Amino acid sequence: MAGATLALLPLAGLPAFYESFLYLVFHWVVLATSWNILSGYSGYFSFGHGAFFGAGVYTTATLAGRFDVPFLWTLPAAAAIPALLGVAIGAIVFRVRRVRGELFALLTLAVTFVLATIVLNTRIDGGPGVYLSAVPVPTLAPSPSGTFYVMALALATLTVAIAYRVRKARLGTGLFAIHDDEDAAEVVGVPTYRYKLAALGLSCALAGTAGGVHALFVSYVTAPSTFNITVPLTVVLMSVLGGTRHWAGPALGALVITVLLYAFTAADQAVAGKAFVGAVLVAAVLFMPEGILRRAALRADRASAVAAPAEEPPAAGAPLARKGGAEPLLVLRGVRKSFRGVRALDGVDLEVREGEILGMLGPNGSGKSTLINVVSGHYEADDGSLRFAGSELRGLPAHRIARGGVARTYQIPRPFAHLTVLDNVALAAMFGGARLDRRAARAQAQRWLEFAGLGERAHVHPGELNLHQTKFLELARALASRPRLLLLDEVLSGLTPGEIDEAVALIRRIRDRDTTIVLVEHVMRVVTELSDRVVVLDQGRVLAVGAAAEVMRRREVINAYLGSPRA
């Protein structure tokens, strides 16, 4: 309704100056919001938005200015070429796990200068620039300035609507998890590589379309004026000011910054205006690091919470067919893993039976956590076979392992800090074995939080929980994916004796729900109370397997923990 009303504004006969000013407002709304779909949502901070915007500028300039293609027909190409360029770059860099944070930002900055050099030294530009003064402006309003206003308004409305839909969809939830902890998101079930590519392609396409429109608006484009650091710095300022975690934050920031820049540059205070805008950015970072709309986002998240009926959650492994209790669920043969010459796993052979609790013991550095990481897909085994329910796990990405029925907790809890407790658990229900839609996942998450004793803490953030509650949050998150195999990596470490007793009772309840558990733990009484069998690792090898009482009496196990009598 608001967009339709604004679209009628050119009929009011506004002076061309005001229509052009409003065009610039909506132009920056598109650029800031499109940047935020990747960088704000996923945390992959990009300085390359100027490159993708510039690719759209030169696509339209070349097609319309040199080959006489009708202007509106150039806009799909202005979207497609930057999108293809971005996806091609992302397909390479997103596979390199080290290219995150500052490295990704620097790499995208380099893309801007590389693209500018190519354009400047080829027939695309050649040095003098490209003129579009002879390109006819479509008649969408009574005046050319009104036409640009209508096109920018339509594109801004579309961009903000897309940002809203992404934020509320499965893609947005996955991107927010990537922002907080990409490795943990992958293990929970988020297809991080595919989601990053989708966000990058969408971001580039919208920026390129804005560039195509802007090429005709300025009517003369040059490489130095197009490919510069101004675009990425400005969109970063706008997004941070408005709030990167809110779909409307960049649009609000674009409005505020554009008005401020005009208010100063329209007078005799252009330099002072730039200094003031810089001061606004400093103040925003210091006093509103989450942006103007962050509080609104928190209120919206709480308002959208689904009240769950007071009922028991489903059995953890409900979606998967069960075999007999004596059948091996997980079979490891000759599993090896090394880190820079240090062999953490050295030919591990192990079977985990359906429905049992298998305790895993060993001194520090024996390979217990590494084995958990390999089975869950956090690391890939160097050699050997890992068969789960008859299917080979080696070589599968972690999100496919999670969807197949494997879930885990971490020795040091890794909740998603900017998601509420409820959304932490709902994430696993959305992306794990359950694969529920957002509303059903949140309802299911509330039930698992009640199961873990955290129902009253559903709408706080993990930073407000104590260690005991954070450990139980990870348990609830793992269970929400309805795993067939649950890997617990020292889930009791750091807890008081009373809290350990609560955890033991909860683990028993989990096993009673027909979930197979591998329990890595140093608290011997817990291992002996809970485990059906115990496996002892030492220096990456299986030292002993059997009943806890029998295994702990073996001489080789005693030596592994206490040392040889001759030592």
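How many nonpolar, polar and charged residues are in the lining of the largest pocket? I'll get there in a moment.

Ground rules. This is a predicted model, where local features need pLDDT of at least 70, side-chain atom pairs count only at pLDDT 80 or more, and totals for chains, interfaces and linings use all residues. Residues are numbered from 1 along each chain as its sequence is written, and side-chain values use heavy atoms, with hydrogens and water left out.

Domains. The protein is divided into domain 1 (2–228) and domain 2 (330–562). Those bounds come from an automatic or database domain assignment. The C-alpha centres of the two domains lie 43 Å apart. In contact across them are 21 residues of domain 1 and 24 residues of domain 2. Contact means heavy atoms within 4.5 Å.

Now the largest pocket. A pocket is an open set of points on a 1 Å grid over the protein atoms alone, where a 1.4 Å probe fits, with protein on both sides within 12 Å along at least five of seven lines; lining residues have an atom within 4 Å of a point. Volume is the space filled by probe spheres set on the points, with grid points joined across faces, edges and corners. The largest pocket holds about 620 Å³. Its lining counts 27 residues, and Arg97, Glu186, Gly377, Pro397 and Ala398 lie nearest the centre. Back to the opening: the lining has 13 nonpolar, five polar and nine charged residues. Nonpolar is Ala, Val, Leu, Ile, Met, Phe, Trp, Tyr, Cys and Pro; charged is Asp, Glu, Lys and Arg; the others, Gly among them, are polar. Domain 1 and domain 2 each give at least three residues to this lining. Helix α8 (182–188) has the largest share, four residues. Helices and strands here are DSSP runs numbered from the N terminus: H or I of at least four residues, and E of at least two.

Second largest pocket. Its volume is about 480 Å³. Of its 23 lining residues, Leu24, His27, Trp28, His214 and Thr230 lie nearest the centre. By class, that lining has 13 nonpolar, nine polar and one charged residues. Elements that each supply at least two residues include α2 (16–42), α3 (49–66) and α12 (249–265).

On to the sheets. Six strands make an open, mixed sheet, ordered β8-β9-β10-β5-β11-β12. Two strands pair if DSSP finds at least two bridges between them. β8 (406–408) and β12 (541–546) are at the edges with a single partner strand each, so one side of each has no neighbour in the sheet. Neighbouring strands are turned by 20 degrees against each other on average, direction ignored. Axes are lines fitted to C-alpha atoms, for helices over the stretch in contact, and angles run from 0 to 180 degrees between N-to-C directions. β11 (533–538) pairs with β12 in the antiparallel sense over five bridges. There, Leu537 stands opposite Val542 in β12. Helix α20 (497–512) packs on this sheet, touching β5 (357–361), β9 and β10 (516–520), at about 150 degrees to β10.

Last, the other sheet. It is open and antiparallel, with four strands ordered β4-β3-β6-β7. Why is one side of β4 and of β7 left without a neighbour? β4 (342–353) and β7 (391–392) stand at the edges, and each has a single partner strand. Two bridges join β6 (383–388) to β7. Arg387 has Glu392 in β7 as its bridge partner. Helix α15 (368–376) lies across β3 (328–339), β4 and β6, at about 115 degrees to β3.
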